[in-house]
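Biologist: I am new to this structure. Please take me through it feature by feature.

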Amino acid sequence: MALFKIFLCLYLFTNVELRRIYDSEEDLSSEGLNGDDNRFFNDLISRPSYRVIPNDPIALNQIQLGQVSGLAACVKNPKRLIVFQRGSREWTSESFPDGKNFAKDKFGVIKENTVLTINTKNGEIVDTWGNNTFSMPHGLSVDNDGNLWLTDVAMHQVFKYDTSQPRQLVLTLGEAFVPGSDQSHFCKPTDVAVSRDGQFIYVADGYCNERIVKFDSNGKYLTEYKMPANQRQLVIPHSLALIESLDIICVADRENGRIVCFNAGLESQSHEGQVQSIIRHKTIQTVYAIAYDQNNERLYAVSGGNKALGYTFSVDPESFGSLLTTWKPSENFGEPHDVAVSINSLQVFVGEIRPNRIDTFDVIN
Ligand SMILES: [Ca+2]
C-alpha cells in the first residue's frame, strides 16, 4: 500500500504540468501570477477593436539585408528601428562544428556593417556601423537611456554601446570565443534586458546553458535563475522581456514553446528567481521572441516552425496570460527571430531569417 502511495504521488507530481496544459480544452492555459493559483483562462478576451494588421515589409534600397537576428525600437523616436543583422554571414552547420565553439579561423568577423538604424516610414538607413566587429549577431535590446545591448553567439559575449557621439563600447560581459557556464562566461547568449534605472542587467544564456544571469550595472555577477530541479529546464532561452510593474522577467523558452516568467528581484530578493507564471498556447511549438508593450500591458510573441505566428497576450494582472489576438504577414512568416514594439505602441516589427526581411504591423486599438 505504501509503495502504491509513493507511485501515486510520483505520478501526480510529474503530471501536474501536463495536466495544466491538456485538461482544459480551451486554446490557452496559463498559470496565474501567484504560483499557487493555477487559474485557467478559457477564452479569447480580445476587445473587438484591437487588431494587429500586416503592412508591407520595410523596403531598404541602400543595403542587402542579411539574416535579421535582432530588433529594438528606438526609445525616443517611434519612427526609428534599430536592427542587428548578419550581413553576408549565415549560421550553418559549419559555424559551430562541435556545437559550442565558433569556427572563427575559417569565417572571421563580418566585414559589413551589422547595426542599422532605419527610418521605418521610408526605409532610409539613417545610421550604420558594426563592421569588422561581430561574428554571429544575435540579440539586440535598447535600455531606457538609449544604450544598445548586443549579443554575439559566436563570441559568447554581451556588449553595451553608448550611442551618444562618439559611439563607445562601455561594457563587455563574457570572454571572447570562450564558451562556459560560470559567473564570467556564457554559452551562446541570446538576449539582454535592463531595468529602467539601469541598475540590473539580465542575460538569457543561451543555446547551451539553461539560465538567466543577473548582473549589476557594472557587470558584477549577482545571481542566476533556472527552472526548479524537478521541472523541465529551459531549452534555449531565446528572448527576454522585463515587466517591472509586476517585478517579473519573462523568457521565451524557445524549444519548450512556452514563456516562463521569473520573479526579477527588483523590489525584494525574498522570492527572486521563483517561477511566477508560465504562458502557453497549444498552437505554439516553439517561441522565438517576446516584447513588452508597457503602455497597454501586452506581451507580443512570435512562434516558429511552419505555422509561425504572432501572438498578443495580456499581461495585465487581472487577465495575465490571456490571448488577445494572433497576427501574421500577408504572405506568412518565414523564420521570425525577433519582435519589437514602437515606443508609442502603434507599430510592431518582426525581424526574419529566410527570407531576410523586416515585417511591419499596424496596431489598431
Ligand atoms: Ca530585441
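Biologist: What share of the contacts in the protein chain with a separation of 6 or more do residues 24 or more positions apart account for?

Modeller: This is a predicted model, in which local features need pLDDT of at least 70 and side-chain atom pairs count only at pLDDT 80 or more, while totals for chains, interfaces and linings use all residues. Residues are numbered from 1 along each chain as its sequence is written. Two residues are in contact if their C-beta atoms, placed from the backbone, lie within 7 Å. Here the share is 50%.

Biologist: How many helices and strands does the protein chain have?

Modeller: Both are DSSP runs numbered from the N terminus: helices are H or I with at least four residues, strands are E with at least two. The protein chain has two helices and 25 strands.

Biologist: What is the order of the strands in the open sheet of four?

Modeller: Strands pair if DSSP finds at least two bridges between them. The order is β19-β20-β21-β22, with antiparallel pairing. At the edges are β19 (287–293) and β22 (323–327), each pairing on one side only. Four bridges link β21 (residues 310–314) with β22, and Thr312 has Thr325 in β22 as its bridge partner.

Biologist: Is Ile236 buried or exposed?

Modeller: A residue is buried with 20 or more other C-beta atoms (placed from the backbone) within 10 Å of its own, exposed with 12 or fewer, and partly exposed in between. Ile236 has 22, so Ile236 is buried. Its phi is positive, near 65°, though it is not a glycine.

Biologist: Where is Glu297?

Modeller: Glu297 lies in the loop between β19 and β20 (298–303). Phi of Glu297 is also positive, about 55°. Glu297 is partly exposed because 18 other C-beta atoms lie within 10 Å.
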